[in-house]
Amino acid sequence: MASLNVGSLGEYLREQRRNAQLSLRQLADAAGVSNPYLSQIERGLRKPSAEVLQQVAKALRISAETLYVRAGILDEREREELETRAVILADPSINERQKSVLLQIYDSFRKENGFEPGPESGVAAGSETGDESAPSAHSKPEKPSH
C-alpha cells in the first residue's frame, strides 16, 4: 500500500470542489463533515478516513476510489480492478449468472497473468454482502424475458 500523501489529496479536493463550484461550507454540509475539518483536509493538515473520503466523493459526484488512490489507501491497480468489477456488476444487459461467469473468467485471466485475486473476487455477482447464493457457472441458463 502506498504511503499517505495528504498534501496532494488536499490540493486535489480543493480543485474538485472549485470545479463543482462549491464553497468549502457547501461541500462540508453536503458531505456531513465540519467546515474546519474539511479545510484542514484541503490544507493537508488532516488525514481523513476512508468513510469521510467516501462522503466527500459522493458530495462531489466523483469516484471514491480515486480519492482512496490520492490518499494512498488504495493503489492504482486495485482501483482499476474495482472499477472493472463495478462496471460488470452494473451492466443491465446481462443477467446475474452471466455476470458471475464473466467475473470468474476475469479472475482466471488476472491469475494467469500473475495478479492475485482482488478484494472483491469472493463476492458473488449482484451481491454486495458476500452472500455466495448467486447461480453458479454450471446452473441452467435463464430464459431471456422479452
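This is a predicted model: local features need pLDDT of at least 70, side-chain atom pairs count only at pLDDT 80 or more; totals for chains, interfaces and linings use all residues.
1. Basis. Residues are numbered from 1 along each chain as its sequence is written, and side-chain values use heavy atoms, without hydrogens and water. Local features need pLDDT of at least 70 and side-chain atom pairs count only at pLDDT 80 or more, while totals for chains, interfaces and linings use all residues.

2. Core. The largest nonpolar core has 20 residues (a nonpolar core is a set of buried Ala, Val, Leu, Ile, Met, Phe, Trp, Tyr and Cys residues joined through side-chain atoms within 4.5 Å; buried means under 20% relative accessible area, with a 1.4 Å probe and protein chains only). Leu9, Leu13, Val33, Leu38, Leu53, Val56 and Leu67 touch the most other members. Helices H1 (6-19), H2 (24-31), H3, H4 (50-60) and H5 (64-71) each supply at least two residues; helices are DSSP runs of H or I, at least four residues, numbered from the N terminus. H4 gives the most, with five.

3. Helix H3. Leu38, Ser39, Ile41 and Glu42 are the buried residues of H3 (residues 35-42). They fall within an arc of 160° seen down the helix axis, so they line one face of H3; the arc is taken from the directions from the axis to the C-beta atoms. Just after H3, Gly44 has a positive phi of about 80°.

4. Ala28. This residue is in helix H2 and counts as buried because its relative accessibility is 1%. Beyond neighbours within four places in sequence, Ala28 is in contact (heavy atoms within 4.5 Å) with Val33, Ser34, Asn35 and Leu38.

5. Val33. With the same exclusion of neighbours within four places, Val33 is in contact with Ala28, Leu38, Val52 and Gln55.

Technical notes: Buried means under 20% relative accessible area, exposed over 50%, partly exposed in between (1.4 Å probe, protein chains only).
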